[in-house]
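The following note sets out several points on the structure shown below.

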Amino acid sequence: MSRTTSVTAKLHSYSLDELKRLRKSYHTEIGRNILTVVVMLLEGNSVKKIADFLAILPVNVYTYLNRWNELGAPALEDYRGRTPSNCKMTAEMEHDLLQVVQYNIPNDFEFLGNVWTAKLLSDYLYQNYGERLCPQCIRDTLHKNNFSFKRAQKKPSKGVKSEQEAFKKNDRNNACCRKRF
């Protein structure tokens, strides 16, 4: 499934001249880049031309554009390396989050999947409390409460046990594996 991409920019009650002035005076580079993408797209430039001008990948142009269309001016803030200020979780939300992680799966709440991810937990809290929390805030809360995250590892379920035993390191000499001294 491909990612949805926008090729139009919303003005969010700004005029083109206001966006140009804001771009010149904006304090962060990522904010200036987002405003440059919006202004150049409104002026009729292609995504490829914008990416070449800013020396970024076209996928970044689409990312900036989608952020701008979704959030407007708050998309200009740079949260890289620090937690956004909206990561305030109430005690009730934290308790509910811990209970859900321990005793439920995402399918219980009509989410796709059998394993909780930080994004799914964020969607769950938004669904129940109407407040959007960033996935990093959720990971921090789970870590603070001694929950750990371990990536799934492939374990072959099919195979002949005798061949598996013969293949183990330092087990026996055979055609596939030799004993190390």
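Which residues in H5 meet which residues in H7?

1. Basis of the note. This is a predicted model, in which local features need pLDDT of at least 70 and side-chain atom pairs count only at pLDDT 80 or more, while totals for chains, interfaces and linings use all residues. Residues are numbered from 1 along each chain as its sequence is written, and side-chain values use heavy atoms, with hydrogens and water left out.

2. Helices H5 and H7. Glu94, Leu97, Leu98 and Val101 in H5 meet Ile138, Thr141, Leu142 and Lys144 in H7 (contact means heavy atoms within 4.5 Å). By class, this contact has 5 nonpolar, 1 polar and 2 charged residues. Ala, Val, Leu, Ile, Met, Phe, Trp, Tyr, Cys and Pro count as nonpolar, Asp, Glu, Lys and Arg as charged, and the others, Gly among them, as polar. The axes of H5 (residues 91-103) and H7 come within 11 Å and cross at roughly 75°; H5 and H7 are therefore roughly perpendicular to each other (65 to 115 degrees). Axes are lines fitted to C-alpha atoms, for helices over the stretch in contact, with angles from 0 to 180 degrees between N-to-C directions. Helices are DSSP runs (H or I, at least four residues), numbered from the N terminus.

3. Helices H3 and H4. The axes of H3 (residues 47-54) and H4 (residues 58-71) come within 8 Å and cross at roughly 105°, and H3 and H4 are therefore roughly perpendicular to each other. On the H3 side, Val47, Ile50 and Ala51 meet Pro58, Val61 and Tyr62 of H4. The contact residues divide into 6 nonpolar, no polar and no charged.

4. Salt bridges. The whole structure holds 5 salt bridges (a side-chain nitrogen of Lys or Arg within 4 Å of a carboxyl oxygen of Asp or Glu). In one of the salt bridges, between lysine 20 and glutamate 43, the closest N and O atoms are 3.0 Å apart. Lysine 20 lies in helix H1 (residues 16-25) and glutamate 43 in the loop between helix H2 (29-42) and H3, so the pair ties together parts that are 23 residues apart in sequence.

Notes: Helix = DSSP H or I, 4+ residues; strand = E, 2+ residues; numbered from the N terminus. Parallel < 35°, antiparallel > 145°, perpendicular 65-115°, else oblique.
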